[in-house]
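These notes are meant for a colleague who is opening the structure below and has not worked with it before. They are set out as numbered points that can be followed with the model on screen.

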Amino acid sequence: MKVFLLGAAFGANNVVDIDDVTIESANKQAGIDLRDGDIMRSPHASSMRSTLNDDYYRWNLPIPVEMSSQMNLKARGEYLEAMVEYELRTCVSFKPWEGEDDFISIYPLGGCWSYVGHVYPSQQNVSIGNGCEWSVTIEHELMHALGIYHEQSRPDRDDYIFLDLEQVEDGKEHNFNKYDLEFVSPVDTPYAYDSIMHYGAYSFNVADKPTLVPRIEFFTPILGQRKTFSPLDAERINKLYYCDNPLRKTFNCNFNEFNICGFVNEKLGVDKWTQYDVESKSVIGQIDAIMPPAGVPLIDASADIIDSGRYVYTQGKSSLVSRVYNHYASEDQCVVMWTNFDQGKIDVEFWSATDDYGELDKLQDSFTIEAGDKKWRYNQYNYRPEQSKFKVRITYSGTGIAAIDDFSIQEAPCRPHWFTIEDVQQKMDAAKAAVDAAEQAANGEEIDYLDIAENSHWSDVMYAKSGHSFKIRWVWIANRKIYGETYSSAYLYLSNDSNNNGELFWPFIDQFFKIFARDQNPNVLERMDNQWSYVSRTQDEPAGNWEKPVDEISPKGYVKTKHDTLIIQAQVEDMRKTDKSTPLDGCEPCYGSGRACRMNQAGESYCGCMEPLVLDANGQCDCA
Amino acid sequence: MKVFLLGAAFGANNVVDVDDITIEEANERAGIDLRDGDIMRSAYASGNLRSTLNDEYYRWKLPIPVELSSAMNLKARGEYLESLIEYELRTCVSFKPWEGEDDFISIYPLGGCWSYVGHVYPSQQNVSIGSGCEWSVTIEHELMHALGIYHEQSRPDRDDYIFLDLEQVQEGKEHNFNKYDLEYVSPVDTPYAYDSIMHYSAYSFNVADKPTLVPRIEYFTPVLGQRKTFSPLDAERINKLYYCDNPLRKTFNCNFNEFNICGFVNEHLGEDKWTHYDVASQSVIGQIEDISTEDLELPDLDASGDVIDSGRFLYTDGASSLVSRVFNHYASEDQCVVIWSNFKEGNLSVEFWSATEDYGELDQQQDSFKIEASGGKWRYNQYNFKPKQSKFKVRINYEGKDLAAIDDFSIQEAPCRPYGFVIENVREKFDAAKRAVEAAEMAANGGEIDYLEIAENSFWSDVMFAPTGHAFKIRWVWFAKQTRKTYSSAYLYLSNASNDNEELFWPFMDQFFKIFARDQNPNVLERMDNQWSYVTRIEDGNNWEMPTGETSPKGYGREGFISHFDLFTNQHGYYTKHDTLIVQASIEDMRETDRSTPLDDCEPCYGNGRACKMSGGKSYCGCRDPLVEKENGECDCAPGYLYVPTNPLREICVDVCDLDFCAAGETCSHVDGGVICGEQGSTTTASTTTSTSSAVTEILSAAYLLLSLII
């Protein structure tokens, strides 16, 4: 695996900047120059029938996918991330190939590319080559395979973006084709500036000017976003694949509706959870006027985001019970809730529900949230239900005022590590002042932004499942010379002091770690977390970095904050024992026209003829 | 048709109150007392009450063929069409006239309102829309039963959400409050829907004046039993149950709150352009450079205001054009286009263009409408566009030098209501009415007074003209009457002055008219209009004859048209948003309604196992699938098949050979009149084991009984 070190900075603070690259850069480095960038044409479909509007070119779900044994660990880790995203937001699902007639095989064939739609019988390739090992790139290529073109290929794109052909590199104009409605139907959705199928503003440009200028200026820095599916991306996949209930794997409650999403007070005593409307500063949902007590929060947790601002509070001990939830997809249910209380505690309990009447049956699991100060606070818990139906019970014990908001469940594991940075604006301003002062003092000389204490925020020590300890460092101003004011950095370091444990394995290699800046949108399906990942390797510089402690690494990116609070999350997966074997191994080599990897009844794979071709006398695949 | 005159008031102002009644009342009058109110049990499924909801077997194939009996009256027909539009707009469930499909729903006025739950009968399944059930929401309710959905308060977890006060329930009526376990009435992963049309009202089946159902969130007390239209959760459940993949494609909504302004875009980016404005921050958004709005007198509220949202709209301060993306229309020839506007001078027009097939560009202008200046207030505008092609684009054009703002643009694939008027400054008018009523009461000194005589208490529309040329007016009454102070009324009157036209037909009967108070929620799919309808009749006396100077036609309407809770809460239906009330109406001439139906040829069609069937386009009364007619004219399973009434649909006839009838090693095969058992490959035993169908069935009944006992 080749890692692209874009501006690797081995400064005083020993960091290595490993940036993810765009599909465009990855293909450039791989020497791939396809019409439309990363779209491979099937000789079968050379007449270019519409793959989008023609059901014939759509896959049956779930789609069998097999990964070549050559796929590196980072690609494998990111592939799993892409699967979780498809799972949560769409009904399109993927499974390992078990000999089904048609399947997708993913190889590092050089660059990132895919065919559009299901155009090959038997085996169809997707390439996730060097630099493509990024969940959003994998999502993008699989979206092509599902039948979706680039957003800027829409026939009406000129209404929405200005294509400045003078800025396009000579010979690269073919990246900006547009196709007629029958080919790239918008499936009745507006132009999606924030689609992962959209090029960046500076794609294929000659100098430093953009090639694509959105007619709504706001979208300039959004074009080419590489976080995850935008809501419109998910909507289109779901329309194209006739998804009837794609969102069943998430539950969201911002407590803005009168029915408070099916929550209800367990007993209606004097103390009960009460719905409060921030705008009107009043209790709602009651007929008798209730004066809210002094000290209820003035903003709701969903604030800063388009909504009316409502939450529920209680004054005194009381319990809120949910409706019955069914879980379908995952063993892990990531439960998130925002709380605001400074006295007492809140217990969140998970109960099995009776099969007949859906009543609370047995307590299965719970977690406790301790009082903090009077601020909205993020809490998460990874619940693993033992049965398909469960209920949630939220109990406040105390004599103060406790408020909750933005409760959500998503059928995916919680990210195991996280920390929050509060008073973001104040810390950012302090960092800026310190950087300004340092620059002034340096009098034009180069300075190391990592040397400035105020410019960094360090997490506490966190422990991977393997027992190794690490820290995350947040840097407010990455490097003004390169990025201006607009980027912050995040780095993962092996912790120096806490790894003095002889029982741990060293070096700490083949570890897939991922850092997220959390999008705090209460709606899971609009949430687009900023993310970066890396797999630690023996050959990483400086030599011995993953031996018993020194430091490491990360990317750039900008993040939205809410409540002046930034939430950083991380996960670390030990991938040393990853099994890379695949039925595809039994097919190597499998070259030549009309060839595909097939599987016989006994489950053994072999290189055969693509359906409906048959092997003729001279060993060629041809029609019968 | 029987009309229920609830407290008909022939006062000085001559109005007739025709109230719609609940399913509960209609069934009480019809003498129908079913378990769960209006749920009929299939003889087939009586044994074990299998879940019709979670079992796909009991779900209909779409579209569902429906046939209306010729005995259905005009009001039921008019309201049936209204309910079909509601199904069409909000769900993927569609209905079509019966053309001989194997399975269909027939709607008869069989006495009361009722339905089976789910698709439980093969061939023909009945729904009853009897007297008092001729109301779109009642028809929606009964068809929702047929789709497989139970009452909301039958949910197993309902006690968490409502308190059932059994002491208040009439004796013998407790069976209306059954709850069933999760497998039967699964909530399909949705929260308890207090506002479902499948929910009883708070006072259902009560003894005195206390509620039987008390919601644990008090807000919902007046919401329980709402009878407007599907709540969003109702639609969501239907769509989940029927695996609807894109049920909302028939509506387009834009409240201009998103940065992408729903795919609208400026035609030219000149100095004057449509600009995105955020009310909360009082600033232009979507631009990188700051645009100052200091010199502009922009609206300080967006049109969607009073509704949960952030409040954003578009404005321009000079001539400029906004172009939409390409819209596809699927369902209706009529596209009701709504837009809110706010400008003092100049011209605002909305144009409809065909789109080129290849690149979806503006091709030819097909139609347009002009909007008048509104003096710096948000104003509602609607237009019924009939596209000539499947793809079209919209162009919104301001010509003028002043400021123009737009908001809440929507298209729904249904006809616009042709009549409407707006009452502005609702609060002020309401308060004036209140003062006048109080003054009149004070003057009457405890005596009875007629609220309709108090001038300030009424608001009259201008004269409007029906498609037939007849003139009418609508009267809005703020306070219904002394004993019903918390309701407003709406009445339709034949106009006196403008009907002096000998060329019009008289009496003005068989006219289906409907009055709506519009829910101004910008989201079509959350919109729940308050509504009432009536069909004019000969029996109404000479009220619908040509009015002369001396006669004053009575107003027909609903005294309790809308409660003040609904009118002013603006939380569950936004009826007085921006202090403005929008009243709409429609009139259909139903004199020529063709009531003939293939069902006519099936009359009479009585008896067990009988159903209306069609063959070669001709209908007849035959045996319900899979039954066959025996020599004695009875419908029964074919010979060699056993009748198992507890089995669903076509599985009521079970192949005897599937029941281990023959001994091990013997083959079981069907012959004329029954089945035979024989040794493998041997046919010689045939003659000895052949038996008549009834004998076989008898033996098998015993065998089956034994089998079920063992199981």
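1. A residue is called buried here when its relative accessible area is under 20%, exposed when it is over 50%, and partly exposed in between, with a 1.4 Å probe and protein chains only. Helices (H or I, at least four residues) and strands (E, at least two) are DSSP runs that are numbered from the N terminus. This is a predicted model, in which local features need pLDDT of at least 70 and side-chain atom pairs count only at pLDDT 80 or more, while totals for chains, interfaces and linings use all residues. Residues are numbered from 1 along each chain as its sequence is written, chains are lettered from A and ligands numbered from 1 in the order in which they are written, and side-chain values use heavy atoms, with hydrogens and water left out.

2. The buried residues are L232(A), D233(A), A234(A), R236(A), I237(A), N238(A), K239(A) and L240(A). They pack against α2 (73-89) and α3 (135-146) of chain A, where contact means heavy atoms within 4.5 Å. After α5(A) comes Y242(A), which has a positive phi near 50°.

3. The two chains meet in a contact that takes 53 residues from chain A and 54 residues from chain B. About 4900 Å² is buried between them, and carbon and sulfur atoms give 56% of this; buried area is the accessible area (1.4 Å probe) that two parts lose on being put together, summed over both. Of the area that chain A buries against chain B, D188(A), F258(A) and Y357(A) supply 14%, more than any other three residues.

4. Which residue of chain A forms a salt bridge with K393(B)? The partner is D159(A), and the closest N and O atoms of the pair are 3.2 Å apart. The rule finds two salt bridges across the interface of chain A and chain B, a salt bridge being a side-chain nitrogen of Lys or Arg within 4 Å of a carboxyl oxygen of Asp or Glu. On the side of chain A that touches chain B, α4 (157-160), α5 (231-240) and β20 (389-397) of chain A each supply at least two residues.

5. In chain B, strand β15 (residues 320-323) is covered on both faces, with S320(B) and L322(B) buried on one side and S321(B) and V323(B) buried on the other. Two bridges join β15(B) to strand β11 (residues 265-266) of chain B in an antiparallel arrangement, and N266(B) has L322(B) as its bridge partner in β15(B). Four bridges join β15(B) to strand β21 (residues 391-399) of chain B, also antiparallel, and here S321(B) stands opposite N397(B). Two strands are taken to pair if DSSP finds at least two bridges between them.

6. An open sheet in chain B is formed by four strands in the order β23-β31-β28-β29, with antiparallel pairing. Its edges are β23 (419-423) and β29 (530-535) of chain B, each of which has a single partner strand, so one side of each is left without a neighbour in the sheet. Between strand β28 (residues 511-517) of chain B and β29(B) there are six bridges, and the bridge partner of I515(B) in β29(B) is W532(B).

7. H457(A) belongs to strand β23 (residues 456-458) of chain A. Is H457(A) buried or exposed? With a relative accessible area of 19%, H457(A) is buried. Beyond its neighbours within four places in sequence, H457(A) is in contact with several residues, including F419(A), K427(A), W474(A) and W476(A).

8. Some backbone details deserve a look. A cis peptide bond with omega about -10° joins L61(A) and P62(A), and P62(A) lies in the loop between β1 (39-40) and β2 (63-67) of chain A. In chain B, a cis peptide bond joins L62(B) and P63(B), with omega about -10°, and P63(B) is in the loop between β2 (39-40) and β3 (64-68) of chain B. D510(A), a residue other than glycine, has a positive phi near 60° and counts as partly exposed at 23% relative accessibility. D579(B), which is not a glycine either, has a positive phi of about 60° and is partly exposed at 29% relative accessibility.
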